[in-house]
Amino acid sequence: MTVFSSLFVLLFISRILENSLLSAEVKDGEILPPTIQKLIKGYNKYLRPFFDNGPVTVGMSLDIASIDTISEINMDYTATIFLRQRWTDERLVFEGNKSLSLDGRLVELLWVPDTFIVDSKKSFLHDITVENRLIRIFPNGTVLYALRITTTVACNMDLTKYPMDKQTCTLQLESWGYNVNDVMFYWARGNDSVSGLDTLQLAQYTVEDHYTSASEAVYETGNYPKLAFHFELKRSILYFILETYVPSSLLVVLSWVSFWISQSSVPARICIGVTTVLTMTTLMMGARTSLPNANCFIKAIDVYLGICFSFIFGALIEYAVAHFCTLHHPDCNGALMYGHHMHDCEEEMNGMLTTIASNSSRLKRCKDATDVSTGDGGDPGPSASEATPPEVPSEPLNCCSKNISLLRKIVRSTNCCHVKNPHYIDNYSRLSFPLSFIMVNVLYWTYYLYF
């Protein structure tokens, strides 16, 4: 008896709450029209339409009011949409030829689909000045339910071609609790079910294409109806050309100014080189502040900034090499002085060879003197006419000659790499650096724009 009493009390309380909610919608002496009272009487909002006669079909349509922000750091976008849903409820059929537009707060008395946005991070329903809901009932039982929602939806982005990239984002709608046996979703007008993108103005993007699709979402608890809206965004590159590409290219050109400055002006050339390197480093750091800190992305803008930094650093290294050569050849007669220096080196090596030969001869004479003194002592030995001179050791002399030849070859090879006039380094750089930079730019823009 206690259980039945509790159930009776709960039913009684729910009936009182339903009547009180219905009464709350009545203003100062006004009552609901008889048609609405007849529809609401005996209506159970906890049971879906056609509860025992197959699934209820829900038609969807969207109106994109705005896309506020698209964040590469968080990989999401924020949009304000008007979501419209249509379905037929046989319990709401009434006589007449006009639809009934009801207050949005009366939706609490009706059954509505449990639609949700799949990849939504946060969403809210606008409630100024009242909750932005629309409920309209047609004589044949068709219900139109519209909402104004602002939602932040995740969008997986491939930033390898940033800022010349194209991103495809989706807005997916699913049923939370009703599977395909209870509810079926469909786009009311196919691809035309989504409107508002043609007049949409975005800061960095243009909408190139959009389309809709219908499928089923498979989960452990079953298959659920799923609708998806796909739209392709192309980034506008003009901002990045003015903000990053042009300044970095001008810094590279500025580093070439040092090729026309005299090599004797050390402070001027060092100042240009160091200043351009530091400015390029600052520009590279500023370009990455608006991007995710992920090592998995080597973006197109990073490649270009790395190319520019390499050319600027190369210009600084070029002056270091040219100045080093100038220190060894301080005037225009550097080549002649270098020839004299090499001649002195050869004479020094010839002197070393002569010294080694004289030492060998001295060693030979000492040995001959020792042999003669031994013969005078009466020891038996061959006669002077029969004695043969001892053989001179030639191995040390041959070894030294080989070493000297090797040193000469090394010196000649070094002479081949020698720059006869250090000023030619700047002359070559004035032509090679610009041509190389133009060639790299052609390859860079061809690859990222057409491949």
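Modeller: Please keep in mind that this is a predicted model. A cavity is space where a probe fits but cannot get out, and by this rule the count here comes to 1 cavity of 30 Å³ or more.

Biologist: How much space lies in the largest cavity, and which residues line it?

Modeller: About 50 Å³ of space lies in the largest cavity, and its lining is made by Ile64, Ile67, Tyr77, Ala79, Ile81, Leu171, Leu197, Phe229 and Phe231. Two or more of the lining residues come from each of strand 1 (56-71), strand 2 (76-88) and strand 12 (222-235), and strand 2 gives the most, with 3 residues. When the lining is sorted by class, it has 9 nonpolar residues, no polar ones and no charged ones.

Biologist: How many salt bridges does the count come to?

Modeller: A salt bridge joins a side-chain nitrogen of Lys or Arg to a carboxyl oxygen of Asp or Glu within 4 Å, and by this rule the count comes to 14. One of them links the side chains of Arg133 and Glu131, at 3.5 Å from N to O; Arg133 is partly exposed at 24% relative accessible area, and Glu131 is partly exposed at 40%.

Biologist: Which residue forms a salt bridge with Arg288, and where do the two partners lie?

Modeller: Arg288 forms a salt bridge with Asp302, with the closest N and O atoms 3.6 Å apart. Arg288 lies in the loop between helix 4 (266-287) and helix 5 (300-328), while Asp302 lies in helix 5, so the pair ties together parts that are 14 residues apart in sequence. Arg288 counts as partly exposed, at 44% relative accessibility, whereas Asp302 counts as buried, at 16%. Asp302 also forms a salt bridge with Lys299, where the closest N and O atoms are 3.2 Å apart, and Lys299 is buried, with a relative accessible area of 5%.

Biologist: Which residues are linked in a network of salt bridges?

Modeller: Glu72, Asp165 and Arg235 are linked in such a network.

Technical notes:
Residues numbered from 1 in each chain as written. Predicted model: local features only at pLDDT ≥ 70, side-chain atom pairs only at ≥ 80, totals over all residues. Heavy atoms only, no water. 1 Å grid on protein atoms, 1.4 Å probe; cavity = no way out; pocket = protein on both sides within 12 Å on 5 of 7 lines; lining within 4 Å. Points joined across faces, edges and corners; volume = space filled by probe spheres on them. Helix = DSSP H or I, 4+ residues; strand = E, 2+ residues; numbered from the N terminus. Nonpolar A, V, L, I, M, F, W, Y, C, P; charged D, E, K, R; others polar. Buried < 20%, exposed > 50% of the residue type's maximum accessible area, 1.4 Å probe, protein only.
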